[in-house]
Amino acid sequence: MATRKKQSFEQQLAQVEALISRMEEGGLSLEESVQRYEEGLTMLAALEKELQSATQRLTVLRRGADGEETEEPLEVRE
């Protein structure tokens with residue numbers, strides 16, 4: 001059995017965008033549209049999880065008043 005190489009975040013996002021474009025063009029049956037919509041939701045959930053993971057890994061290098069540099073977690077603004 002062949003193993004499937006994991007696609008990059010950008011490749012996955014491009015797939016979602018292509019899926020959206022295809023749905024917006026029309027021409028899909030109701031059943032196909034629902035299937036594509038569900039597929040898109042699944043793909044977006046995976047992308048969101050990947051973004052959250054990347055955000056948790058980010059740190060910021062800060063220089064204190066004493067000139068000392070420290071690493072701190074990135075502050076996420078919502």
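Predicted model: local features only at pLDDT ≥ 70, side-chain atom pairs only at ≥ 80, totals over all residues.

Author: pLDDT is the predictor's confidence in each residue, on a scale from 0 to 100. The protein chain averages a pLDDT of 85. At least 70 is the score of 91% of the residues. Confidence is highest in α1, at 93. It is lowest in strand β1 (residues 59-63), with a mean of 76.

Now the helix pair. Two packed helices are described by the angle between their axes and the distance between the axes. Here the pair is helix α1 (residues 9-25) and helix α2 (residues 30-57). Their axes come within 10 Å. They cross at roughly 155°. Angles over 145 degrees count as roughly antiparallel, so α1 is roughly antiparallel to α2. The crossing of α1 past α2 is left-handed.

Which residues make the contact? From α1 come Phe 9, Gln 12, Leu 13, Gln 15, Val 16, Leu 19, Arg 22 and Met 23. From α2 come Ser 33, Arg 36, Tyr 37, Glu 39, Gly 40, Met 43, Leu 44, Leu 47, Glu 50 and Leu 51. By class, the contact of α1 with α2 has ten nonpolar, four polar and four charged residues.

Gln 12 sits in helix α1. Is Gln 12 buried or exposed? Its relative accessibility is 15%. Buried means under 20%, so Gln 12 counts as buried. Leave aside its neighbours within four places in sequence, and Gln 12 is in contact with Lys 6, Gln 7, Met 43, Leu 47 and Glu 50. Among these, Met 43, Leu 47 and Glu 50 belong to the α2 side of the helix contact.

Notes: Residues numbered from 1 in each chain as written. Heavy atoms only, no water. Axes fitted to C-alpha atoms, helices over the stretch in contact; angles between N-to-C directions. Helix = DSSP H or I, 4+ residues; strand = E, 2+ residues; numbered from the N terminus. Parallel < 35°, antiparallel > 145°, perpendicular 65-115°, else oblique. Left-handed = near helix turned anticlockwise from the far one by under 90°. Contact = heavy atoms within 4.5 Å. Nonpolar A, V, L, I, M, F, W, Y, C, P; charged D, E, K, R; others polar. Buried < 20%, exposed > 50% of the residue type's maximum accessible area, 1.4 Å probe, protein only.
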